[in-house]
Amino acid sequence: MSIRQPSSARKHTALPKAQILIEALPWLTRHHGKTVVIKFGGNAMVDEELKAAFAQDVVFLRHAGLRPVVVHGGGPQISKQLDRLGLESEFRAGLRVTTPEMMDVVRMVLAGQVQRELVNLLNQHGPLAVGMTGEDAHIMAATKHVTEVDGEAVDLGRVGRISSVETGAIEALLDDGRIPVISSIARSADDDHVYNVNADTAAAALAASLGAETLMVLTDVEGLYADWPNSDDVISELTAAELEKLLPELASGMVPKMEGCLYAVRNGVHTARVLDGRVPHSILLEIFTDEGIGTMVVPDAVPEPHAARRNTSHNAEGHE
């Protein structure tokens, strides 16, 4: 009987894997049993490989002892279906003007297409995901959202602003080990309408109401840039007060995401993060590594251990 000797090749390939697991250990311990709300969007929503990687990440979180909740929109898919039907999309102040006819399309695409695809991807790894909309069990109620353009009020139609959140159904699913997947549609708080709600806003409201450990927003940029377009340096970490000062200077596409992060950390969520959804497994890289890969927003009075969350060598000046 021969005894197999360990080879240097096996040591070389196995050791980095062990080191990665060890690096993740403190984050696994810290986040165990905590609720994480993830807003699914950007390229991660339309690229097949990124969608599969996203599903793997979410299931990994669940098996690692976290309680993930997924909130999604579906702008590209809605626009595509509206084009097929000959309905022209109009945006005011970054929000889609939603007529009653369009609302039917929004409802169909979000709940009947995007949600079902995501639930099926997650459930390839086991009977875990359950799809819902904000209408179900009165999870989200909204009132009509009116915005201003050039100082004048603009009627956006069936676009809503969240007025209340009822988390009972979501918490019951989490307690049962399930992964809730929620479409950003809300019932009306004052009539029989259904409203289209910005998914970043919906995710932030749910994270706050659930008392989540963190809110994670996937997007199509690396994070919040310190001086865009003059520099592509990403702000690694900043406080709520620092973010509030930057909001008026941000590109319109980043405003609802960063406003959502600001709302979350000022309403009990410990951290809010904007991640590059174009990076495969960005969720795991952000939550289980020392450096992280996106921008993290923390409350103004930062308690330990969050102050030491990551390396701040890439922070913008004034955001140490």
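In this predicted model, helices α3 and α4 cross in a right-handed sense. Helix α3 spans residues 75-84, and α4 covers residues 100-123. Their axes come within 9 Å of each other and cross at roughly 125°. From α3, the residues that make the contact are Q77, I78, Q81 and L82. From α4, the partners are M102, V105, V106, M108, V109, L110, Q113 and V114. Sorted by class, this contact has 9 nonpolar residues and 3 polar ones, with no charged residues.

Helix α4 also packs against α2, which is formed by residues 48-63. Here the axes lie 9 Å apart, and the angle between them is about 60°. Because of this angle, α2 too is classed as oblique to α4. The crossing of α2 and α4 is right-handed. On the α2 side, E48, K51, F54, A55, V58 and V59 take part. They meet E117, L118, L121 and L122 of α4. This contact contains 7 nonpolar and 3 charged residues, and no polar ones.

A further pair consists of α6, residues 199-210, and α8, residues 255-265. The axes of α6 and α8 are 8 Å apart, at an angle of about 10°. Angles under 35 degrees count as roughly parallel, so α6 is roughly parallel to α8. In the contact, D200, A204, A205 and A208 belong to α6, whereas P256, K257, G260 and Y263 belong to α8. The residues of this contact comprise 5 nonpolar, 1 polar and 2 charged.

The discussion now turns to the largest pocket. How much space lies in the largest pocket? The volume is about 1300 Å³. The lining is made up of 46 residues, and those closest to the centre of the pocket are L95, N198, A199, D200 and P256.

Several elements give two or more residues to the lining. Among the helices are α3, α6 and α8. The strands are β1 (35-40), β4 (95-96), β7 (152-165) and β11 (214-219). Which element gives the most to the lining of the largest pocket? That element is β7, with 7 residues. By class, the lining has 20 nonpolar, 19 polar and 7 charged residues.

Definitions and conventions: Residues numbered from 1 in each chain as written. Predicted model: local features only at pLDDT ≥ 70, side-chain atom pairs only at ≥ 80, totals over all residues. Heavy atoms only, no water. 1 Å grid on protein atoms, 1.4 Å probe; cavity = no way out; pocket = protein on both sides within 12 Å on 5 of 7 lines; lining within 4 Å. Points joined across faces, edges and corners; volume = space filled by probe spheres on them. Helix = DSSP H or I, 4+ residues; strand = E, 2+ residues; numbered from the N terminus. Nonpolar A, V, L, I, M, F, W, Y, C, P; charged D, E, K, R; others polar. Axes fitted to C-alpha atoms, helices over the stretch in contact; angles between N-to-C directions. Left-handed = near helix turned anticlockwise from the far one by under 90°. Contact = heavy atoms within 4.5 Å. Parallel < 35°, antiparallel > 145°, perpendicular 65-115°, else oblique.
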